[in-house]
Amino acid sequence: MTTAGRTEDLPARIDPRRSACVLIGVDDYTSLDPLRSVRHNLVELRAALTDEEIWGIPEDRIVTVSNPVAPADLVGPIREAGLLADDTLIVYYAGHGLLDRHEGQQLLLTLPGSVEDQPDTCVRSRDVRRAIRDTGDARRRVLILDCCFSGQALTEMAGANRGEQGGMVAVKTLREVEGSYVMTSAPKDRPSHAPDSRRCTVFTGALVDVLRRGVPDGPGMLGLHTLFEVVKARIAAMKPEMPQEPQDEDRNGVGGLDFVRNVAVLPPLTPPAPADGRPPRSRIRTALWSLAAVAAGLGVGLGAQPAADWWHTAHPVPATGECGGHPTDAPAPRAVLLDHSDALNKKNVDYEEVKGVSALALVSQGPDGVEALALTDNSPDLLFPLSLGTPSGLAPVADTAHTLRRANGEKFPEGELDGEGLVVERGGRTALIASEDGPALRRFDIASGKQIGADFPIPDDLRYWPRGSAQTGRSIEALALSPNGRHLYAGWEAPLAKDGDYRGRPAIRIQRYTGTPGGTYTPDEQYAYRAGDGMNLTELVALDDKGGLLALEREYTSGLGTAVRVVQLSLEGARDVTGVDSLHGLPADGFVQDTPVFDLAACPAGGPGVVATPGSNPRNPLLDNAEGMAVGKEWTTGEYQGWRPLYLISDDNDSVDQITRLYALAVRLKP
């Protein structure tokens, strides 16, 4: 065992044949939110580490521990692997990370039954480090943590080195092991992110991507610290809306030792295919394993190409059908993708381009087609009349746009109108529009485009600094009107600065207004709900007069693409948080409960060529920057009797790299 005071030289490379590795992941929770990305982490990381082209650890020296129920189930495999390793012991954990707020902010690793603020239901990170340190004769010990607040482990280790006592740390840590390395997905006070349940988390996804793709112009062999630096740079380049900054600490140069082959510069170890075209046996095994993983629904990580692409190329399937990944309380799907259309993309109507579409509202619905209005957030803001076609046969056509103007007919100055939310009032002659600039709520005559009356009042705390704490450029993004016209709901895109997030889930405020159709609306109550991890609110639709809403959430991360999901909310009986200064620390029953309806990434994307123009998600050509949503009347006959049609439209941000895409789905909502 390598301990303080041991001075013998360490070998130049971490030897996979004499090392051992434990991959621990928790994705299925009874109290905390599920983390489906973790199961992809385990599959993809194991595949990369066992690949002889990368590291090549033997299968009998790497163990995967999925959803350990008890602390012994998590720590036990670490001790067993420690007895096996002569060279290096590597331990990886992914799951929710919590902080013991009563014991010096100690990091807690969670189990499926872990409960917030109940440390006894978790595993203390110091116990994991002790198991790594105290077991076996491995020369080096490596710990990799992919969880919220994981950088706290480094703080605890530093505290031990200073001789701190009590809750900070009660045992000696890896700092006392000459030959240790720790890598964490986030700082001590920040969350880690998993924006798409169909693929790896942000951190592990980037790590797998670097392992599989290598580092162009890099050295032939990559050490742990080099991997860390590249992963950190890639995550920073993604510019996620909620930043994530990995951390690491190296003792005795372990991070600088050769670890894995840099596949970007080294020739492959596998010999070329024989003349008869048959691939080598190792490649056959890899292909069969990958195909089995796809068939089992295990998904593909950030850097892996699906092994079954050849099948889809030969047998392209349509981008229609049931959307998978439905909630556990819904054994049948709640959404079916009916059609999509890119007919509006870069379309010019009377020399005005359909671009920057930020909201969609239905005007009329009939068996022969649907009429709607689309709002753009460019300058000047435009309202395009649209004919959509039918839900199963989208054929959108835009007519001449109405330019939004002040009451006197003048254009709004730059920075005064950034239309993001749209509802059409009874009769279809007027529209209410939410502007992110200001922020502001206004009524417009649709035919003339002129504002009618004064701006609606906005509570001070929902405004920008210095009057409020709304984030610049991320205020009112969503707008909904109850069918009877009595209640207007305005949703803020992102948390107020004073509200923050809850383990990566933004605390969003929804302001309710009460008034009369065509008359004034006055703010009366505020509600709070937690959006998905790293997601932001982009649209609301009122389903009834009792506070039933649909919320459209979207998140974009450069390099990873777009994530889009729709959830159902019920404000009936919900707590009014108007007087709550900050939502940070608000009890769970203070938030509106959300019911997932569908994740657009779980809808069929079709075979090659079916989606003619790929969207902004590199792994799913169907996905793009959905910002507008509208819901039609319930079907009373036919295959989807009792369901409702739902339309999404994407904002191309006036960019050649994004598209204006219309989607139509059938959704089954809770009563």
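Guide: A disulfide is a pair of cysteine sulfur atoms within 2.5 Å. The structure holds 1 disulfide. This is a predicted model, in which local features need pLDDT of at least 70, side-chain atom pairs count only at pLDDT 80 or more, and totals for chains, interfaces and linings use all residues. Residues are numbered from 1 along each chain as its sequence is written, and side-chain values use heavy atoms, with hydrogens and water left out.

Visitor: Which cysteines does the disulfide join?

Guide: Cys323 is joined to Cys603, with an S to S distance of 2.0 Å. The link of Cys323 and Cys603 is right-handed, at 100° about the S-S bond.

Visitor: And where in the chain do Cys323 and Cys603 lie?

Guide: The two belong to distant parts of the chain, 280 residues apart. Cys323 is in the loop between β12 and β13 (335–341), and Cys603 is in the loop between β33 (594–599) and β34. Strands (E, at least two residues) and helices (H or I, at least four) are DSSP runs, numbered from the N terminus.

Visitor: Are Cys323 and Cys603 buried or exposed?

Guide: Both Cys323 and Cys603 are buried. Buried means under 20% relative accessible area and exposed over 50%, with partly exposed in between (1.4 Å probe, protein chains only).

Visitor: What about Cys21, buried or exposed?

Guide: Cys21 counts as buried because its relative accessibility is 1%. Cys200 is likewise buried, at 2% relative accessibility.

Visitor: Let us step back. How many helices and strands does the chain have?

Guide: The secondary structure comes to 8 helices and 36 strands. The chain has 671 residues, of which 57% count as buried.

Visitor: Then the sheets. Which strands make up the open sheet of 5 strands, and in what order?

Guide: The order is β12-β13-β36-β35-β34, and the pairing is antiparallel. At the edges stand β12 (321–322) and β34 (626–631), each of which pairs on one side only. Two strands pair if DSSP finds at least two bridges between them.

Visitor: How many bridges join β35 to β36?

Guide: Strand β35 (residues 644–650) and strand β36 (residues 662–667) run antiparallel and are joined by 6 bridges. Within that pairing, Tyr647 has Ala664 in β36 as its bridge partner.

Visitor: Now β18. Which strand does β18 meet over 6 bridges?

Guide: That is strand β17 (residues 369–376), which runs antiparallel to strand β18 (residues 382–390). The bridge partner of Glu371 is Ser387 in β18. β17 and β18 form a hairpin, with 5 residues between them.

Visitor: What does β18 form with β19?

Guide: β18 and β19 form a hairpin too, here with 2 residues between them. The pairing of β18 with strand β19 (residues 393–398) is antiparallel, over 4 bridges, and Gly389 stands opposite Leu394 in β19.

Visitor: Over how many bridges do β18 and β20 pair?

Guide: β18 and β20 pair over 2 bridges, again in the antiparallel sense. There, Leu382 has Thr403 in β20 as its bridge partner.

Visitor: A change of topic: how many aromatic pairs are there?

Guide: The structure holds 5 aromatic pairs. Rings of Phe, Tyr and Trp (its six-membered ring) pair if their centres lie within 6.5 Å; planes under 30 degrees apart count as stacked, over 60 as edge-to-face and the rest as tilted. One of the pairs is Phe412 with Phe444: the planes stand at 65°, so the pair is edge-to-face, and the ring centres are 6.1 Å apart.

Visitor: Where do Phe412 and Phe444 sit in the chain?

Guide: Phe412 is in the loop between β20 (402–403) and β21 (419–424), while Phe444 is in strand β23 (residues 440–445). The pair links distant parts of the chain, 32 residues apart. Phe412 is buried, with a relative accessible area of 11%, and Phe444 is buried at 0%.

Visitor: How are the rings of Tyr640 and Trp643 arranged?

Guide: Tyr640 and Trp643 form a tilted pair, 5.4 Å centre to centre with 55° between the planes. Both Tyr640 and Trp643 are buried. Together with Trp635, Tyr640 and Trp643 form one aromatic cluster.

Visitor: Last one: which residue has its charged end over the ring of Tyr502?

Guide: The charged end of Arg530 sits there, 3.9 Å from the centre of the Tyr502 ring. The charged end of Arg530 also sits over the ring of Phe591, 4.0 Å from its centre. The criterion is that NZ of Lys or CZ of Arg is within 6 Å of the ring centre and within 35 degrees of the ring normal.
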